Amino acid sequence: MALRWGGWWWRWRCGASARRAPPPLPPPHGSVPGPGSRSSPPVLGGAMCHFAQRSSVLSFPKICNIFWRFHHTSTSQMCSCSKTVSDEKYQDPFQLGRKDLKNLYEDIKKELLVSTAELREMCEYYFDGKGKAFRPMIVVLMARACNIHHSNSREVQASQRSVAIIAEMIHTASLVHDDVIDDANSRRGKMTVNQIWGERKAVLAGDFILSAASLALARIGNTTIISVLTQVIEDLVRGEFLQLGSKENENERFAHYLEKTFKKTASLIANSCKAVSILGCPDPKVHEIAYQYGKNVGIAFQLIDDVLDFTSCADHLGKPAAADLKLGLATGPVLFACRQFPEMNAMIMRRFSKPGDVERARKYVLQSDGVQQTTYLAQRYCHEATREISKLRPSPEREALIQLTEMVLMRDK
Amino acid sequence: MWGALLRLGGRRGLAGAAPPPAAPWSQVVSEAEKIVGYPTSFMSLRCLLSDELSNIAMQVRKLVGTKHPLLDTARGFVYDSRNNLQMRGLVVLLISKAAGPSTAELSFQHNMVSGIYSSQRSLAEITELIHTAFLVHRGIVNIGELKSCDGPLKDMQFGNKMAVLSGDFLLANACTSLAQLQNTKVVELISSAIGDLVQGIYYENSKSSEENCLTDDIGISTWKEQVFLSHSALLAKSCQAAMELAKHSAEIQDMAFQYGKHMSMSHKLHSDLQPFVKESSSDIMAFSLNCAPAVFHQEFLGRDAWIKQIREAQGKGNIMDYKKLQEAIKAGKGVTSAIDLCRRHGNRALAALESFPPSEARAALANIVYAVTRFS
């Protein structure tokens, strides 16, 4: 069923509700491929819809490219008017967020001012600017997207920026502890804190970073935000505990894996997105959108991380590969592979503890479609994230967040 | 330490008067518990009933037979009722009761049980959670420093893992409960207290492994700063936070802080002094070379002379003769100075209590001070 441009645009206009009506539609630019399948018209229609103030329009090759990718990755019907592709130029999320994040690490270090030089050095060790700063970036982009949605103001509030800082600190504190728990000796291409200073001090450093994060959180002065972000701290610990246990039943295993993934990785992103949305906009629907975006992106991020553990080599990753197997953890690729190779069950149950298990398991995974299945699953989560975030008023930041889901899928470290 | 024998206290004025005959420590505690409404040894630590902790308990059993310190910490909870006293929580409850209902917000009253607001009870629990979390986190071992006599590496790694996880679990619970108090000022106070505690423990740990540094080169004022961080800050700030929860004035908050601070300083000094004031010398207790009497002694004697005394006590086999060292310290002014300092802090704690109206709770708090400043 071909959708008429006019009718389509009319429906979008009506759906815009309280927002300002966008400027009138420019005439379709260049030739447009005929709608081949159901999923294509909304994409193209969206491309033709003009949201932003500027008048740039996507070029034809780009439309084709985007169309193809969406066609191949989407499995559910696009929701009608809110699924759009911006006619903005490709927005590099890192570029967009760069200004806000420029002094992020400096500001974090200010929170970690402590008189003992060595303790400070340990705490600052990972805030050297070499991490991906992925989480703070999502947070500031989400902050802007929500601010624009609510009041058309792009300014990031000080409190929202604090949330980005706090999220990164909580994340780092958990990394420091995780490295002690896993007895890891390298991360981000350098030695771990426990490797250099010993486990006792490393645990203290993690505790200190956490306390500093908590202090910064209290200073925002908002009890709701405190509750939302404290939930993360609880989830991180519970996630670690989930990792301690294991399930017999194959079906339970997957649910267990996803729950652990949520708690250990996605909760932080979901709740920090929710926190900035609360600070930027009073509408609970927006809070839910932000939360769902963060949750889905977070899960996708971890799934890809688990894939990379199999497909990438240690130097590139910055940390040892096949690390999960060596820790006895059965992640996505393994769980999928197990469906093809039931002999893996025994290895999973004994957490790859017998000599040769790790190597065998790795081979099975690479022979199976475990990696592909996990990647596909990640794509679906990304798609869901995109679907959610598209409900917000359009903005460069919103597009960047969509772009980010692509980047999550494409990353190689 | 806490267990010094004392006779029952009366209700005379607090600071300055001769300390009343003091009660046995257990009696001080049980009186105090009655005052606050229920035995604090059952103080919920609700999370103890959680799945996660029973998981940990099972895992910690695997540590039996190993040398990981977590086992001692865990044993301490189960068997040693003295260490398990949850002193901090009790003090927070007492001071909450002593301060009485909020004068600022009269609508607050309904939430009180035995004269204490439920938020204050929660805070007492949080304080204990944090204290316990750090007891656990103190019990981590440095893998790189292990020797073969410490046992299999795997056991130590496993013990570390359990210690980190359980400590984190307790801290996370503390944070969650803090958030539920819906008071950002309290979260600020307690978060900063945690930061202080970490720094204090860090100093504790920072014994140089250099050969001649069995003891730090610190004077008594540095010692006081470090001990404040590791032993006082948490209680002091919790007492203050308890006042904030009831919306008491800044002055009352400060007095509560002062009580918490000075009482815990006295407690630490009292504890440090035990090896030096006990008469029976059949069991020579080993003591830290950074304990208060030793630090004072070093300050009076000069570092070089002190190091010399340590070496003499170490003898040829590098095994410390604590009795000899103890005598060296007793011969100097270290012990009396430490006792003086303990009493000075005690008096300041009592002075802070004057700002609270007379009550059973206040008397109990005073009794605690008498207990930790008594050396006989």
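First, the conventions. Residues are numbered from 1 along each chain as its sequence is written, and chains are lettered from A and ligands numbered from 1 in the order in which they are written. Because this is a predicted model, local features need pLDDT of at least 70 and side-chain atom pairs count only at pLDDT 80 or more, while totals for chains, interfaces and linings use all residues; side-chain values use heavy atoms, with hydrogens and water left out.

Now confidence. The predictor gives the complex an ipTM of 0.86 and a pTM of 0.81. Chain B has an average pLDDT of 81, pLDDT being the predictor's confidence in each residue, from 0 to 100. In that chain, 80% of the residues score at least 70. Over residues 1–13 of chain B the pLDDT is below 50, and beyond near neighbours in sequence this stretch has 42 contacts in the model (contact means heavy atoms within 4.5 Å). Residues 208–212 of chain B are also below 50, with 5 such contacts. Where pLDDT is low, the predicted coordinates should not be read in detail.

Next, the cavities. A cavity is a set of points, on a 1 Å grid over the protein atoms alone, where a 1.4 Å probe fits but cannot get out; lining residues have an atom within 4 Å of a point. Grid points are joined across faces, edges and corners, and a volume is the space filled by probe spheres set on the points. The structure holds 4 cavities of 30 Å³ or more.

Which residues line the second largest cavity? From chain A come Ser214(A), Leu217(A), Ile226(A), Thr230(A) and Ile233(A), and from chain B come Cys175(B), Leu178(B), Ala179(B) and Val187(B).

Last, the backbone. Most residues other than glycine have a negative phi. Asp183(A) has a positive phi, near 55°, and Gln182(B) has a positive phi of about 55°. Is Asp183(A) buried or partly exposed? Asp183(A) counts as partly exposed because its relative accessibility is 31%. Gln182(B), at 44%, also counts as partly exposed. Buried means under 20% relative accessible area, exposed over 50%, and partly exposed in between, with a 1.4 Å probe and protein chains only.

Terms used
1 Å grid on protein atoms, 1.4 Å probe; cavity = no way out; pocket = protein on both sides within 12 Å on 5 of 7 lines; lining within 4 Å.
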